[in-house]
Amino acid sequence: MTPYIWQKTNLTEAVKALNPSIVGDFDKTATRIITDTRKINQGDIFLAIQGDNFDGHDYVETAKDKGAVLAIVSRQIDSDIPQLIVNDTKLALGQLGKYRRDAHPDLTVIAITGSSGKTTVKEMLGSIFSQIAPTLITRGNLNNDLGVPMMLLELTDEHKFAIMELGANHVGEIAYTTRLVSPDVACVLNIGTAHLGEFGGRENIAKTKAEIFEGLQDQGISVLPFGDEFFDVLADKASQFSNHIITFGERQVPLKDAGVDMSSLHELGLTEEDTIMLASDVFADDMEIFADHSEFSVNINLTEDEVKSADVCLNFAGEHNISNALSATACGIALKIDLTDIIKGLNTAKPAKGRLNFKPFGEHLLIDDTYNANVPAMLAGAKVLIEQDGYKVLVLGDIGELGDDAISEHEKLGEALADMPIDKLLVVGDLMKNTAKVANQTRADFATHFVNKTDLAKHLQATLANQNCAVLFKGSRFMAMETLIDEIVAKG
């Protein structure tokens, strides 16, 4: 695609709110703005970011030597490279990203957030919309206050859609990034325990995720998880910024809250405390969960007269991915994408790296779900493992960012896993000691804790030598659990 050309005029215009000054004569053109000198090519613009443990201003001269034609800085650097000086380079990056977004008023943007499933839904949406027109899709983990504007800078005139993943590790981050991307559709997938330590409770997580609605365009549409515990919190926030809400999934409620006429139901022995499952605007039925995929019917329930249905064969393991597919469907329906195109996109979508990737290994099956982790995601992965053939081994590493709840969350995980039909639980990490301890209290000798991954790998290799196994690996990103898979495969 044709890249955007940065020149002196539009650079100054894009950050004019920050009152920039220019040192030197920038008379060249550039097609990229880069914050990492290791990735600079001839003709790039280098933007110096100052972090807690580094300062990009120390590398301006390096950037020039590698071909940078302009530096965006917050203080003048002793170098002959032309410099655009702003008060805050991080805010300038955001302003540049917003400038690119605002320069494309006809671009249609879907923004997604949630405690889990963002990467998977991003892949599903990318598969749906890329078959219709050129689509920009968040790459890797560029979903924070630096990554989002970096992705917006990759917009070209050819893009008709953009799928933007918005993450957060502090209050206000999504409020900031959603205003940069100005979504036409804003979707919250779920409210879990990821980053629980930073937010101090799930209700605060819900309020933070709900910030995504603050950036909605006029006539923007909100997409919400109907069955989520914090649906009402999300719906209240969404209604402040959107006149149109589409829901996905199902919700179990007491009969007394469902508006049901109880007079006839009492004769059937039912009480007001009995529950009923309410369907949302987009829901699934006829679900069949297989070892490596799922089949189900997706139903669109947006009119009183008709429910549209279509069959899906999803190349993603686990029932939780059906919910992800429903959220992607709801986003497509919000933009009036034909259901046939939505189903085609879902049927051809593939899991991202480290997201329930199935890897045959001799007579064994290794399942790589190592990209990241929280408690609900680990339990979802365990359910996928249960569906496999052979001796079932679950290999887990510590879950990070749980704050004061870290020990209790790991203990709850151990209690839940001990009740599942898994043959063996192998864990590594200081926090996973708690998981193993509680699991073994419920089910003796079920779990084994290891001090390091090397010892775990040796034990696992011995297990693989004795029987056919299905092994699922998962842990938070800092645990790099994929190195265990690499070691097992390398040693054959």
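User: Hi! How do the axes of helix 4 and helix 12 cross, and at what angle?
Analyst: The axes of helix 4 (residues 118-130) and helix 12 (residues 339-348) come within 8 Å and cross at roughly 130°. Axes here are lines fitted to C-alpha atoms over the stretch in contact, with angles running from 0 to 180 degrees between N-to-C directions. Helices are DSSP runs of H or I, at least four residues, and strands are runs of E, at least two, numbered from the N terminus.

User: What is this model, and how are residues numbered?
Analyst: This is a predicted model, where local features need pLDDT of at least 70 and side-chain atom pairs count only at pLDDT 80 or more, while totals for chains, interfaces and linings use all residues. Residues are numbered from 1 along each chain as its sequence is written, and side-chain values use heavy atoms, leaving out hydrogens and water.

User: Thanks! Which residues meet there?
Analyst: Met-124, Ser-127 and Ile-128 of helix 4 meet Asp-341, Ile-342, Gly-345, Leu-346 and Thr-348 of helix 12 (contact means heavy atoms within 4.5 Å).

User: Switching topic: in what order do the six strands of the open sheet run?
Analyst: The order is 17-18-22-19-20-21, with mixed pairing; two strands pair if DSSP finds at least two bridges between them. At the edges are strand 17 (357-361) and strand 21 (447-450), each pairing on one side only. From one strand to the next, the twist averages 20°.

User: And what does helix 13 touch?
Analyst: Helix 13 (residues 375-386) packs on the sheet against strand 17, strand 19 (391-397) and strand 22 (469-474). Its direction makes about 160° with that of strand 19.

User: Which residue is the bridge partner of Val-428 in strand 21?
Analyst: That's Phe-450.
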